[in-house]
Amino acid sequence: MVALTTMVDYNVEQGVAVLTLNNPPVNALSQGVRQGLKEGVEKALADDSASAILIYCEGRTFIAGADISEFSSKPMGPDFHAVLSTMDASAKPIVAAIHGTALGGGLETALCCNYRVAVPSAKFGLPEVNLGLLPGAGGTQRLPRVVGVEKTLAMVTTGVPIGAAEAFELGLVDQLVEGDLRTEALAFAVAKGAQGGSHPRVRDNDAKLQSAKENPEIFAATRKMLARKTRGFLAPEYNIRCIEAAVNQPFDEGMKTEAKLFGELMTGPQSQAQQYFFFSERQAAKVPGLDKATEELPITKVGVIGGGLMGGGISMNFANAGIPVTIVETNQPALDRGLGTIRKNYENTARKGRLTAEAVEQRCGLVTGTLDMADLADCDLIIEAVFENMAVKKEIFTRLDGIAKPGAILASNTSALDLNEIASVTSRPESVIGLHFFSPANVMKLLEVVRGEKTSDAVIKTGMALAKRIKKVAILVGVCPGFVGNRILFARQFEAARLALEGAPYEQVDKVLFDFGFPMGAFQMGDLAGLDLGWDKDNSNPMDVKDRLCDLGRYGQKTGAGFYDYDDKRMATPSAITTDMFAEVAGSLGVERGEISDEEILDRCILPMINEGAKILEEGIAVRASDIDVCYVYGYGWPVYRGGPMHYANSMGLDKVLEKLRHYQTVSGDDFWAPSALLVSLVEKGERFK
Ligand code: 3H9
């Protein structure tokens, strides 16, 4: 065995040069891998004792792509294209032995091999689009030549991988192996080495491009299908253009088109934001300061108090992960309604073909109901998901304290209330944590894990790990009104309302936010959430347009009217009632009105979010700036191609952010705009949010 680099070994076995890659955790194509691969192929070509080459990866996966962490630094040779050219030109057959995930540059490497052998659990994909990129090493030119244009379009525009069985059917995999991958792939390579003659090269085979040549509408159809989902993103369109090039240009020309478009994406702000976000999401799971020896608590049975929209959605997450859940309701009709809604949700998913009838029954079977809180005595985790009322929550936690077994985690789904106050009514505040799910809780990926003053490390560690188990992305936050997500949102919603009072049509405010990339604007969001959320009928404020709409029974989408009017398909039309109301309230408050530019609207909606984010960091409520970004992308629809509010601030330049905040503070005379001390100090030091 010869170590070509620290990441690639060379060894000849049974007449096959075996290149063994070992670059944990995912065998990314770091410099040492590229160099080892290139040298290995060259060595094998010159080695008379080898008649074939096998690429095999140690660890949990085949190559999962280029090393994304290298993208931001100066490239070091050899260039990945040079590696692949060496492979492509090889006179000796090259076989890829694939397990785990062959993704991005990993699949591109496999496509430059003459043959691919895989285990049935392997996955194959080109997920570059999720990084704001396209496969830049021939993936867009080679994959359609193997799996066809339609399949490639689906794979590159969604980034979703395919399984080994499908890959085998499509011709991407030559042989599936049930036994030991290395042994069987080696035998396959021995046979190919002995076979002699020429070996298939993907670039030479145009047969599967033919149907798209005769049916160019496939590209227009793909664009149309993706238009809504990919609004604002550059990469999906660029990927499509490359596949068009594969069909319409000779291979080498297509490669040039791919290289040009890849370069444009790679140097653009969208990809930089999405690469940043890739690492931010993974970073969020790491909790600094937790003792490594802290053990996670076992969670095998969960209780949920409240079977409404929120409680039901939360319960589904556990059933989906195979964890039994018991829902507590106060009366039988409410319990039946809650369980019925869960079943209906699963059946709807099954109707769309995304769940089998068997799985529906299995998951529904994991959710049981009770009217007696005492039935939660054997639960490892109990989540309270009732409406936002401190007195009610305290009463529930007092009762839970007497019911739950020692060591059970007591969680509140509160979105804004003081977790420490809730914990204070129990004899075990160390077991109390916040698990703030976002609605609809069975769909939204974000989970705010709220650390109370006394929450133990074991409970925090368990909360973060549990998030992963139920396929959520968690950020750890401290206690303050609204935690991270809603606290920042309050600031934006406050300013959006003020803009409307000052004369900006409220639909203009919404359009500016929509055009920025949010799925909806501030007022549309209010209508969706329900304007009566937190509204107190007896203390309705006549100087608050939202309260006045509630006085009229306009609670939002659910009542067919809120800020907007809604038809039966929930299509929104601006309402003169709302417009007049803003004018009237402005008149009563003596607010001067006039036209407001889109640019000012955007500034006044986004800057308060950044400033609030900075205050949150300053107070230690969020662990790191990137957690705030993860929160905003997954919880509030911030467009990922803009990275999140803190990344956006960094890319604007913090000095510019500060200058604008000070400008609005001066013209409004309102301390709402006072910049956070952290922001001021970062600007003074010439630093960015880290
Ligand atoms: C590309 O290939 C461009 C080409 O077209 C070439 C053009 C010239 N690089 O996700 P996990 C780290 S673009 C560097 O928690 P899992 C990750 O940060 C690339 N690091 O594990 C984490 O580190 P840490 C196309 C990477 O089991 C650790 O590995 N490929 C990379 O849940 C574990 O990751 C992709 O986009 C990477 N490529 O999922 C694939 N990948 O432990 C991206 C992972 O310090 N990767 N890391 O936090 C994935 O989708 C998942 O990581 C994977 C494993 C499915 C592989």
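**Close-up 1. The side chain of Asn-317 and its polar contact with Lys-472.** The side chains of Asn-317 and Lys-472 form a polar contact at 3.1 Å, a polar contact being a pair of N or O atoms within 3.5 Å, where within protein one atom must be able to donate a hydrogen and the other to accept it, and residues adjacent in sequence count only if both atoms are side-chain atoms. This is a predicted model, in which local features need pLDDT of at least 70 and side-chain atom pairs count only at pLDDT 80 or more, while totals for chains, interfaces and linings use all residues. Residues are numbered from 1 along each chain as its sequence is written, and side-chain values use heavy atoms, with hydrogens and water left out. Asn-317 belongs to helix H13 (residues 309-320), where helices (H or I, at least four residues) and strands (E, at least two) are DSSP runs numbered from the N terminus. A polar atom of the Asn-317 side chain also lies 3.3 Å from the backbone oxygen of Gly-313. With a relative accessible area of 4%, Asn-317 is buried, a term that means under 20% relative accessible area (1.4 Å probe, protein chains only).

**Close-up 2. The surroundings of the ligand.** The ligand is surrounded by 25 residues, and the closest are Arg-60, Glu-108, Glu-128, Arg-282 and Lys-286; a residue is counted here if one of its heavy atoms lies within 4 Å of the ligand. The shell around the ligand divides into 14 nonpolar, 5 polar and 6 charged residues, with Ala, Val, Leu, Ile, Met, Phe, Trp, Tyr, Cys and Pro taken as nonpolar, Asp, Glu, Lys and Arg as charged, and the others, Gly among them, as polar. An N or O atom in the side chain of Arg-60 is 2.7 Å from an oxygen atom of the ligand, and a polar side-chain atom of Glu-128 is 2.8 Å from a ligand oxygen atom. From the backbone, an N or O atom of Gly-136 lies 3.1 Å from an oxygen atom of the ligand.

**Close-up 3. Thr-20 in strand S3.** Thr-20 is found in strand S3, which covers residues 16-21, and at 8% relative accessibility this residue counts as buried. Apart from neighbours within four places in sequence, Thr-20 is in contact with Met-7, Val-8, Asp-9, Tyr-56, Glu-58 and Arg-182, contact meaning heavy atoms within 4.5 Å.

**Close-up 4. Helix H1 and its packing.** Helix H1 (residues 31-46) has buried residues that include Val-33, Leu-37 and Val-41. The buried residues of H1 pack against several elements, among them strand S2 (8-13), S3 and helix H2 (80-88).

Notes
Buried means under 20% relative accessible area, exposed over 50%, partly exposed in between (1.4 Å probe, protein chains only).
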